[in-house]
Amino acid sequence: MYYDYWHQFAGVRRESKYAAVIAVDDATLLEYKDDPLAFWAPYWAQAMDTLTQAGVKATGLDFIYTVSAESWLAKLSLPGSDISRNYDSPLREQLAAGNKIMITHLVENAEGNLELLMPPNDQLFLLPGGINDLGIANLEPDADKLVRNFYPAFDPNPKAPGVGFSMQLALRSAGADPTQTMWNLGGVDWPRDRERMRIGYIGPPGTIPTVSMRKLLSPDALKDPEVQQLKGRAVIIAANNAGTADRHFTPYSRAGFNSSVDQMIGGEIHANIIETVLSGKYPRDLPQWIYWPYVLIWILLGTFIFLRFTVPRGLGWIFIFINLAMVPGFVFFLRDWVVPVGTVQAGLACAYLSTIVLRLTGEERERARLKHMFGRYVSDDVVDTLLSESDRPDLSGEERHVTVLFSDIRNFTTISEKLDAHEVVEMLNAYFSKVCEPILNRGGMVNKYIGDAVMA
């Protein structure tokens, strides 16, 4: 939760340098509403040609076709027409020129196994790099449906089309060999393994430079400043229209402090991954030898403070500590380190509860000890009064001003000589009850009985 909020508090974290998005938006669809997307091969080709002339390093097409328009037209057997043989010619020409990445997608078949959804063979055969010009475009969300991580590669086998779509574009931009088992990009070693890596988002939706595809299809596209700014970048042609399903929740989508829960299009997430790989900047976890001592220091410090104050004041301190724990979490996040916050707060809460339990059990033991000690000399009422006071008695002795009462029965010896033993006891019981009642009612302490005398 905190990790997501840090993204929202940070806002735009850095400027985009390596990637851009070509959006097939509503304006583009309205401009070419008479042509179904299945027959947009000439438009893809024109856009790719414009991008090449604008100086982009690599172009990725985030649309997948399992059959080409020509293959479908060939089934119609249109008389006197070569359209089924040359309709895709412009696109084939662009694909054959290189630095074009087509997407594949992992899908689950009827048997529950994963298969790759591949582009048409007539397009695949034209790619100079073959399977190395393909990239798997799956975005793997976490259990809460937010996309925070990515896989640089889905299959470690260099002979299989297992590299991620955005990773392929990053490799093309850096001039790296996609057949290697390890790449060093942005000062980071990226192994060709199925290892989840955090995405270093540079900002909320809309931070990545985005150009409408409609501008690429205009006659003077190369004069457009937005198109000129694409030079040296890897670009992704992706859907960004109102009806697209290629939208995903990201850390910027968590409701709470951020009033907006906008989703991010898949193309922009891939662009953020390219920025992550080529810059080498992404949130890293603390090493375990730092992580747990860091948490332990917070817990020990909190425990020390909680034990020095009463329970109500300790409650105030725990709120202070819980808020303080968020400060280094956010500060270090800005430096691409993930510092534990929730773990620290949970540890502090446990420490606070433990000190309460420790106090309760300790006080009970102390009360039992004092009651056993004083109960041999004074009444239970006196012991309870002592224990109910906030300050415990000083067992080494205290100096106080007190009033002492000595009371006895006049001529007790003479009277008792005239009575038998039972009558003497009955008389003393009645006498002590009469004498002690007002003493105790006034908060006095009966110290001892001496024959017929009462010392209070």
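Residues are numbered from 1 along each chain as its sequence is written, and side-chain values use heavy atoms, with hydrogens and water left out. Because the model is predicted, local features need pLDDT of at least 70 and side-chain atom pairs count only at pLDDT 80 or more, while totals for chains, interfaces and linings use all residues. Helices (H or I, at least four residues) and strands (E, at least two) are DSSP runs, numbered from the N terminus. Axes are lines fitted to C-alpha atoms, for helices over the stretch in contact, and angles run from 0 to 180 degrees between N-to-C directions.

Helix α1 spans residues 2-10, and helix α14 spans residues 326-333. Their axes come within 10 Å and cross at roughly 60°. That angle makes α1 oblique to α14. Angles under 35 degrees count as roughly parallel, over 145 as roughly antiparallel, 65 to 115 as roughly perpendicular and the rest as oblique. The crossing of α1 past α14 is right-handed; the near helix is then turned clockwise from the far one by less than a right angle. On the α1 side, the contact (heavy atoms within 4.5 Å) involves Tyr2, Tyr3, Trp6, His7, Phe9 and Ala10. They meet Met326, Gly329, Phe330 and Phe333 of α14. By class, the contact of α1 with α14 has eight nonpolar, two polar and no charged residues. Ala, Val, Leu, Ile, Met, Phe, Trp, Tyr, Cys and Pro count as nonpolar, Asp, Glu, Lys and Arg as charged, and the others, Gly among them, as polar.

Gly329 lies in α14. Gly329 is buried, with a relative accessible area of 1%. Buried means under 20% relative accessible area, exposed over 50%, and partly exposed in between (1.4 Å probe, protein chains only). Leaving aside residues up to four places away in sequence, Gly329 touches Trp6, Val339 and Val341. Gly329 and Val341 are twelve residues apart in sequence, yet their C-alpha atoms are 6.1 Å apart.

Helix α14 also packs with helix α13 (residues 311-324). The angle is about 0°, and the axes are 4 Å apart. The two helices are therefore roughly parallel. Ile322, Asn323 and Leu324 of α13 contact Met326, Val327 and Pro328 of α14. These residues divide into five nonpolar, one polar and no charged.

A further pair is formed by helix α8 (residues 165-174) and helix α11 (residues 266-279). Their axes come within 9 Å and cross at roughly 45°. α8 and α11 are therefore oblique to each other. α8 passes α11 in a right-handed crossing. Phe165, Ser166, Met167, Leu169, Ala170, Ser173 and Ala174 of α8 meet His270, Ile273, Ile274, Val277 and Leu278 of α11. The contact of α8 with α11 has nine nonpolar, three polar and no charged residues.

Helix α18 (residues 421-441) has 21 residues. From first C-alpha to last, α18 reaches 30 Å, close to the 30 Å expected at 1.5 Å a residue. The expected span is 1.5 Å times one less than the number of residues. Val424, Leu428, Tyr431, Phe432, Val435, Cys436 and Ile439 are the buried residues of α18. Their cover includes β16 (406-407), α17 (412-417), β17 (448-450) and β18 (453-455).

Helix α3 (residues 41-54) has 14 residues and should span 20 Å, which agrees with its end C-alpha atoms being 20 Å apart. The buried residues of α3 include Tyr43, Trp44, Met48 and Leu51. Just after α3, Gly55 takes a positive phi of about 95°.
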